[in-house]
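Here are my notes on this model, point by point. Please read them with the coordinates open.

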Amino acid sequence: MEYEVFRLLKFDEMIQQAVAKFNNIGQKQQLLLNGNNKQQKLFIQLDLSLAKLAEDSKRFSVYKKDQENIDVKNYKKMITKDVANIMKYYLLFASVHNWLDIIVIDEEDYNKITSIAADRDFNQVYLSIKRMMFNGFYNHSKKDFQFSWKMFLKFGIVDLGVDDKSLSSQFSEINSL
C-alpha cells in the first residue's frame, strides 16, 4: 500500500505542471516579476500560503471560539487546497533557485516521511518549517530548504491527514493550463 501512495505523488510531473503554468502566465505578461525580485516574491507567496494554511486549519488559534468555528463540511477540501498551493510555491521557488534536485524525493525518503508519527505540538512543527525555510532563503542553504520541504510534506500528509490522491488531484487542478 505504501508504494501505491508514493506513486500518486509524482514530483517530477508536479514540477512540470507548476513551472509550465507559471511560464505560460509569464508569457502572457500577467506576472509582476522581474529578474531581481522573482525569488523574493515567490518566497513571500510561499510564506503567505503557509500562513493561510495555519489560519485555515485553526490549529494555531488563540481563542477556543475560533477552533469551534470550523466548517466541518469543507474543512478537508480547504486544507488540501492550502497544502497544494504551498507545494506549488515550494516547487516554483526551488525551480527559480535551481534547487529542484532537493524537491524530488525517492520512495525510501517518502516512506520515511510518511511513517513518522503525527506530532501533537503543531506550533513547534510550524515554527520549525518556517525557521528552516527562512534559513534556506537568507543563508542560501539548500539543505535547510530541503529540510523545510520534507517537514512540510510530513506536516501536510501525516499531521493534517491530507491524502495523496486528493492532494495530487488538487495540485493538478490548481496548475492546469
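1. Start with asparagine 175. At 3% relative accessibility, asparagine 175 counts as buried. (Buried means under 20% relative accessible area, exposed over 50%, and partly exposed in between, with a 1.4 Å probe and protein chains only.) Asparagine 175 lies in the segment after helix H9 (164–174). Helices are DSSP runs of H or I with at least four residues, strands are runs of E with at least two, and both are numbered from the N terminus. Leaving aside neighbours within four places in sequence, asparagine 175 is in contact (heavy atoms within 4.5 Å) with Gln17, Ala18, Lys21 and Lys88.

2. On provenance: this is a predicted model, in which local features need pLDDT of at least 70 and side-chain atom pairs count only at pLDDT 80 or more, while totals for chains, interfaces and linings use all residues. Residues are numbered from 1 along each chain as its sequence is written, and side-chain values use heavy atoms, with hydrogens and water left out.

3. Alanine 84 sits in helix H5. Its relative accessible area is 0%, so alanine 84 is buried. Which residues does alanine 84 touch, not counting residues up to four places away in sequence? They are Leu167, Gln170, Phe171 and Ile174. Serine 49 is 35 residues from alanine 84 along the chain, and the two C-alpha atoms are separated by 9.6 Å.

4. Next, helix H7. H7 has 17 residues and reaches 24 Å from its first C-alpha to its last. That is close to the 24 Å expected at 1.5 Å a residue; the expected span is 1.5 Å times one less than the number of residues. Among the buried residues of H7 are Phe122, Val125, Tyr126, Ile129, Met133 and Phe137. Lys130 of H7 is buried too. The buried residues of H7 pack against helix H3 (38–57), H5 and H8.

5. Two packed helices are described by the angle between their axes and the distance between the axes. The axes of H3 and H7 come within 12 Å and cross at roughly 180°. Axes here are lines fitted to C-alpha atoms, for helices over the stretch in contact, and angles run from 0 to 180 degrees between N-to-C directions. H3 and H7 are therefore roughly antiparallel to each other. (Under 35 degrees counts as roughly parallel, over 145 as roughly antiparallel, 65 to 115 as roughly perpendicular, and the rest as oblique.) On the H3 side the contact includes Phe43, Leu46, Asp47 and Leu50. On the H7 side it includes Tyr126, Lys130, Met133 and Phe134. The residues of this contact divide into 10 nonpolar, two polar and two charged. Ala, Val, Leu, Ile, Met, Phe, Trp, Tyr, Cys and Pro count as nonpolar, Asp, Glu, Lys and Arg as charged, and the others, Gly among them, as polar.

6. Helix H8 has 18 residues and reaches 24 Å from first C-alpha to last, close to the 26 Å expected at 1.5 Å a residue. Of its 18 residues, 14 are buried, so H8 is largely enclosed by the rest of the structure.

7. Salt bridges: a side-chain nitrogen of Lys or Arg must lie within 4 Å of a carboxyl oxygen of Asp or Glu. By this rule the count comes to eight. Lysine 150 pairs with aspartate 109, the closest N and O atoms being 3.1 Å apart. This pair links distant parts of the chain, with lysine 150 in H8 and aspartate 109 in H6, 41 residues apart. Aspartate 109 is partly exposed at 23% relative accessible area. Elsewhere, Lys52, Asp56 and Asp82 are linked in a network of salt bridges.

8. Look at lysine 154. Its side chain meets aspartate 119 in a salt bridge of 2.6 Å, N to O. Aspartate 119 is in the loop between H6 and H7, 35 residues from lysine 154 in H8. Lysine 154 also forms a salt bridge with aspartate 159, at 2.7 Å between the closest N and O atoms. Buried or exposed? Both lysine 154 and aspartate 159 are buried. Aspartate 119, at 35% relative accessibility, counts as partly exposed.

9. Last, backbone angles. Most residues other than glycine have a negative phi. Asparagine 98 has a positive phi, near 60°. Asparagine 98 is in the loop between helix H5 (75–96) and helix H6 (107–115), and is exposed at 64% relative accessible area. Histidine 140 has a positive phi near 55°, in the loop between helix H7 (122–138) and helix H8 (142–159). Histidine 140 is exposed, at 55%. Just after H8, glycine 161 takes a positive phi of about 70°.
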